[in-house]
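Q: I would like to learn how to read a helical model, one feature at a time. Could you walk me through this one?

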Amino acid sequence: MPFFKKPLAGPGYIILNVIRAMNIIGLFAVIVASFSMLVKTFIVSKFFFFDAVSHVITAALSMFLILTETPLFRTYILHSWPLLSPSHGFVTLGILMTIVGVSVLGNLNKEATSQKSLGVSYWRIVISSGIVV
């Protein structure tokens, strides 16, 4: 067993930090997509309140998940949100990110956030952020 003498803390730590950086980038993409859909919904739709609240909640949840990925409020997250703390696995984070991605992709079925209404560039931002997350 000469292959397992060296501990995997070094490469494992680097891989987890790369995954963490990709999560943060994907969550930033969701924030951009949510705010772009918020603006386009406001412009196109006359009854936009509930769509706007949905986009704001999605963006706020993404911002909160970014905060859980960074070491800024580590003690608060450890005591108040233990399932999102570094001492637990990625299951809760993965479930929440899946819900956010489904929410973003589900908004593409509406007329206010369709490809014709958003334009191709904004539509690509929204669909890519939903797929990445």
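A: Gladly, and let us start with a single residue. Ser 34 has a relative accessibility of 1%, so this residue counts as buried. Please keep in mind throughout that the model is predicted.

Q: Where does Ser 34 sit, and which residues does Ser 34 contact beyond its sequence neighbours?
A: Ser 34 belongs to helix α1. Setting aside residues within four places in sequence, Ser 34 is in contact with His 55, Thr 58 and Ala 59. His 55, Thr 58 and Ala 59 are themselves among the buried residues of α2.

Q: Which other residues of α2 are buried?
A: The buried set of α2 also includes Asp 51, Ala 52, Ser 62, Leu 65, Ile 66, Thr 68 and Glu 69.

Q: Let us step back to the whole chain. How many helices and strands does the protein chain have?
A: There are six helices and zero strands in the protein chain. Read from the N terminus, the order is α-α-α-α-α-α. The radius of gyration is 18 Å, well over the 14 Å that the globule rule gives for 133 residues, so the chain is more spread out than a compact globule. Along the principal axes, the C-alpha atoms fill a box of roughly 65 × 35 × 20 Å.

Q: Which percentage of the contacts joins residues at least 24 apart?
A: Of the contacts between residues at least 6 apart in sequence, 65% join residues at least 24 apart.

Q: How should I think about nonpolar residues in the interior?
A: In soluble globular proteins, nonpolar side chains tend to be buried together. Here the largest nonpolar core has 18 residues, and Leu 65, Met 97 and Val 126 have the most contacts inside it. The elements giving two or more residues to this core are α1, α2 (49-69) and α4. Helix α1 gives the most, with six residues.

Q: What does Val 126 touch?
A: Leaving out residues up to four places away in sequence, Val 126 touches Ala 33, Ser 36, Met 37, Val 104, Leu 108 and Leu 118.

Q: How can I find the buried face of a helix, and which residues of α4 are buried?
A: An α-helix has 3.6 residues a turn, so residues three or four places apart point the same way. In α4, the buried residues are Leu 93, Met 97, Val 100, Gly 101 and Val 104. Viewed down the axis of α4, these buried residues fall within an arc of 100 degrees, so they line one face of the helix. On the other side of α4, Val 91 and Val 102 are exposed.

Q: Where does Asn 23 lie, and is Asn 23 buried or exposed?
A: Asn 23 lies in helix α1, which covers residues 9-44. With a relative accessible area of 15%, Asn 23 is buried. Apart from residues up to four places away in sequence, Asn 23 touches Glu 69, Leu 93 and Met 97. Leu 93 and Met 97 belong to the buried residues of α4.

Q: What about Ile 25, buried or exposed?
A: Ile 25, also found in helix α1, is exposed, with a relative accessible area of 59%. The C-alpha atoms of Ile 25 and Ile 66 are separated by 9.0 Å, although the two residues are 41 apart along the chain.

Methods: Residues numbered from 1 in each chain as written. Predicted model: local features only at pLDDT ≥ 70, side-chain atom pairs only at ≥ 80, totals over all residues. Heavy atoms only, no water. Helix = DSSP H or I, 4+ residues; strand = E, 2+ residues; numbered from the N terminus. Rg over C-alpha atoms; globule rule 2.2 N^0.38 Å. Contact = heavy atoms within 4.5 Å. Buried < 20%, exposed > 50% of the residue type's maximum accessible area, 1.4 Å probe, protein only. Arc of directions from axis to C-beta. Core = buried A, V, L, I, M, F, W, Y, C linked by side-chain atoms within 4.5 Å.
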